[in-house]
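The entries below follow the order in which I looked things up.

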Amino acid sequence: LRVDDIEVVNTVPNDGALANINVAQYAAIGPVTIKGYLTNAGYNSITSVETNWSVDNGTVTTQTFNCNIATFAGYNFTHSDKWSALTPGKHALKVWISKVNGVVDGNHINDTLETIVTVTSSNPPRHAMIEEFTGTWCGWCPRGGLVLEEAIKNNPGIIGVAIHAIAA
């Protein structure tokens, strides 16, 4: 039920909500770190939370994190066991919460997230594009070009674009 910007919900004592899986969409063959962010949606503080992950419905890896999460606060976690991504292609990663404060999580609706990770034999290098925009109206704009040149010289991954517009 929602009234204006107010939401009325029934809370349970121990409810960890998995909010995000922090794993890149693309990964090179090798170890992949499983990270995530969870929030406390229950009214008890969370002092321990058990999280799990599996790839392609395979072996389940479980870790318990000792923490101190107040109601509506969040917690970043990183599993110590990494996924050994050895086969190129798309893989289904599933992460879920099973226990909060040593008991079964009280609300299973917000416990699980899934994502697809594409494993490649190698990751291509990434580049950043920087646009420097100037025009005839700008007396200080030649400095922008100098700064862009310096950035490219110091960072080979930068692609520089200078746009010079004529005032209408």
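Before listing bridge partners, I noted the rule I needed: two strands pair if DSSP finds at least two bridges between them. I also reminded myself that this is a predicted model.

**Entry: strand 13 and its partners**

I started with strand 4, residues 26-28, which pairs with strand 13 in the parallel sense. Looking up Y26, I found T118 as its bridge partner in strand 13.

Next I turned to strand 11, which pairs with strand 13 in the antiparallel sense over 8 bridges. Here I picked A92, whose bridge partner in strand 13 is I116. A reminder to myself: strands of a sheet pair through backbone hydrogen bonds, either parallel or antiparallel.

I then looked up an open sheet of 3 strands, which run in the order 3-6-9 with antiparallel pairing. Which strands stand at the edges of this sheet? They are strand 3 and strand 9 (74-78), and each has a single partner strand, so one side of each is left without a neighbour in the sheet. From one strand to the next, the twist averages 30°.

I zoomed in on strand 3 and strand 6 (residues 35-40), and counted 5 bridges in the antiparallel sense. Within this pair, N20 stands opposite Y37 of strand 6.

**Entry: the nonpolar core**

Which residues touch the most other members of the largest nonpolar core? Among its 23 residues, they are V49, W83, L93 and V95. Two or more residues come from each of strand 3 (16-21), strand 7 (46-55), strand 8 (61-69), strand 10 (83-85), strand 11 (89-100) and strand 13 (112-120). The general background I jotted beside this: in soluble globular proteins, nonpolar side chains tend to be buried together.

**Entry: rings**

How many aromatic pairs does a search of the whole structure find? It finds 2. For F65 and F77, I noted ring centres 5.6 Å apart and planes at 45°, so the pair is tilted. F65 belongs to strand 8 and F77 to strand 9, so this pair ties together parts that are 12 residues apart in sequence.

Together with Y75, F65 and F77 form one aromatic cluster.

I also checked for a charge over a ring, and found K94 over the face of W96, at 5.0 Å from the ring centre.

**Entry: positive phi outside glycine**

F72 is not a glycine, yet its phi is positive at about 70°. I located F72 in the loop between strand 8 and strand 9. Its relative accessible area is 69%, so F72 is exposed.

N101 is another non-glycine residue with a positive phi, near 55°. N101 is in the loop between strand 11 and strand 12 (103-104). At 24% relative accessibility, I logged N101 as partly exposed.

Definitions and conventions. Residues numbered from 1 in each chain as written. Predicted model: local features only at pLDDT ≥ 70, side-chain atom pairs only at ≥ 80, totals over all residues. Heavy atoms only, no water. Core = buried A, V, L, I, M, F, W, Y, C linked by side-chain atoms within 4.5 Å. Buried < 20%, exposed > 50% of the residue type's maximum accessible area, 1.4 Å probe, protein only. Helix = DSSP H or I, 4+ residues; strand = E, 2+ residues; numbered from the N terminus. Axes fitted to C-alpha atoms, helices over the stretch in contact; angles between N-to-C directions. Phe/Tyr/Trp six-rings, centres within 6.5 Å; stacked < 30°, edge-to-face > 60°. Lys NZ or Arg CZ within 6 Å of the ring centre and 35° of its normal.
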